[in-house]
Amino acid sequence: MHNLLNRVFTGIRLNFPILRYFTSRSFLRYLAANFILILLSIAIAAQTATYRAPLDFDGDGKTDPAVARIIIDLHERQPLQWWILGSATNQTMPVINFGAFRFPGHIPIPADYDGDGKTDIAVFLRGANGGGDGNQAFFYVLRSSDGQVDYIAWGIDSDDPYLTQDFDGDGKADPTVVRCYIPGNPIEVLPARTWYILESRTNYQTYRVEEFGKCDASRDRPIRGDFDGDRKADLALFRELDVRENGQTTPANRFYIKLSSRRNTVRAVRFDYAQNGAVIEGDFDGDGKTDIASARTEQQGESGYRWWYWIRSSDGRFVAKQFGLNHPNFAQIDLFVPGDYDGDGITDTAVYRTFDLGPDRRAYFHIDGSRDGYRVVQWGLELPDLPIAQYLFSQ
Ligand SMILES: [Ca+2]
Ligand SMILES: [Ca+2]
Ligand SMILES: [Ca+2]
Ligand SMILES: [Ca+2]
């Protein structure tokens, strides 16, 4: 809950200027409550394995600009609308209501669960039994292959569902939760982060349990990716503080990756650039292996710029790139929405701009395609839309 609250409060601070557009106190309170859920959605798990474009709803091999729109309605379920710009036709795909933002709400966890090459719209449902930690949670998946909905009971309300990826390598996402709280006791943290992976290769008849990472204030941030390129997701985290354990200290500012191709090997890679930043999932050199990567704001005089950093897995080269801005008065920032928008197998730097939008409040994807170059795509509205491609860790 500690990290969760951090996320929530970070997001409230970042988004607070938006609230100026509304005047009623009750509406502010209402909106603030919803921002908790909005921030949960920042942690949207956007993708399965990195060898395919994430958020590819139409299956053409390119990431599609996509936003989730909250239908503000004080008395109804506040449905979550999925607005997707299909890259294959450059047309709006059918707008689908799937999930709801009403507390405790649904968290978007899109991935390719049925393995047909198209990302499936999906949510993680907390509070099915009226809320409260310790309750059974569910993955609801709208299968792209046949339009049917799967209801998969997995995890509990206080679990973190964002690590859902294809761990067993069958091409289908495996519902995954990472647990730090004892069921029914949302105060006391477990000593280790415990990963519960429900395996699709056995049609969800088997699961894998692994302890990896700490739950306390070590600032271990679990991350997604296939770092060894064997098409199976690896257990991975970024550690921001030193951790003393079993008489040994594991130092901070390192990625720790348990490589699936070498089951007992944990690789540690120092990377200071993820400190106070977002950990980014991407394959920036296109070799099929996730690269160590992060992004954050750097001050340059009066201005703030969004910078991206990564280590190319192919040759170990370090790359730093400026792409994205802060609002001049720091009220808002570009959100990181990396993906493979041009479909060349190389992650493109991209941001979702939520400021200086003009009177119609339309939002824009700014994409620097590794093949197609820079382009701007209008998609979404400033509020209450959120880009689906936002990544797990604090932006
Ligand atoms: Ca699918
Ligand atoms: Ca799988
Ligand atoms: Ca790579
Ligand atoms: Ca690309």
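What follows is a conversation about the terms applied to this chain and the values behind them.

Author: This is a predicted model, in which local features need pLDDT of at least 70 and side-chain atom pairs count only at pLDDT 80 or more, while totals for chains, interfaces and linings use all residues. Residues are numbered from 1 along each chain as its sequence is written, and chains are lettered from A and ligands numbered from 1 in the order in which they are written.

Reader: What is the average pLDDT of the chain, and where does pLDDT stay under 50?

Author: On pLDDT, which is the predictor's confidence in each residue, from 0 to 100, the chain averages 83, and 82% of the residues score at least 70. Residues 1-24 stay under 50, and the model has 28 contacts for them beyond four places in sequence, a contact being a pair of residues whose C-beta atoms, placed from the backbone, lie within 7 Å. Residues 26-50 are also below 50, with 69 contacts in the model beyond near neighbours in sequence. Where pLDDT is low, the predicted coordinates should not be read in detail.

Reader: How many helices and strands does the chain have, and what makes a run count as one or the other?

Author: Helices (H or I, at least four residues) and strands (E, at least two) are DSSP runs, numbered from the N terminus; by that rule the chain comes to two helices and 26 strands.

Reader: Why is Pro191 called exposed, and why is Met93 called partly exposed?

Author: A residue is buried if 20 or more other C-beta atoms lie within 10 Å of its own, exposed if 12 or fewer, and partly exposed in between, with the C-beta atoms placed from the backbone. Pro191 has 11 other C-beta atoms within 10 Å and is therefore exposed, and its place is in strand β10. Met93 has 17 C-beta neighbours inside 10 Å, so this residue counts as partly exposed. Met93 is found in the loop between β3 and β4, and, not counting residues up to four places away in sequence, it touches Phe57, Asp58, Ile84 and Gly86. The C-alpha atoms of Met93 and Asp58, which are 35 residues apart along the chain, are separated by 8.5 Å.

Reader: Why is strand β9 described as largely enclosed by the rest of the structure?

Author: Six of the seven residues of β9 (residues 176-182) are buried, and the strand is therefore described as largely enclosed.

Reader: How do you know that β9 and β10 pair, and what makes β9 an edge strand?

Author: Two strands pair if DSSP finds at least two bridges between them, and six bridges join β9 to β10 (residues 185-199), the two running antiparallel. Among the bridge partners, Tyr181 goes with Val189 in β10 and Ile182 with Asn185. These two strands form a hairpin with two residues between them, where Gly184 in the turn has a positive phi of about 80°. The open sheet has three strands in the order β9-β10-β11, with antiparallel pairing; β9 and β11 (206-214) each have a single partner strand, so one side of each is left without a neighbour in the sheet.

Reader: How many bridges join β10 and β11, and which residue of their hairpin takes a positive phi?

Author: β10 and β11 pair in the antiparallel sense over seven bridges, with Thr194 having Glu211 as its bridge partner in β11. Their hairpin has six residues between the strands, and Asn203 takes a positive phi near 55°.

Reader: What makes a group of residues a nonpolar core, and which members of the largest one touch the most others?

Author: A nonpolar core is a set of buried Ala, Val, Leu, Ile, Met, Phe, Trp, Tyr and Cys residues joined through C-beta atoms within 7 Å. The largest has 74 residues, of which Ala66, Ala122 and Val337 touch the most other members. Its largest share, five residues, comes from strand β6 (residues 121-125). Leaving aside neighbours within four places in sequence, Ala122 is in contact with residues including Ile109, Tyr113, Phe139 and Leu142. Across the chain of 395 residues, buried residues make up 45%.

Terms used:
Two residues are in contact if their C-beta atoms, placed from the backbone, lie within 7 Å.
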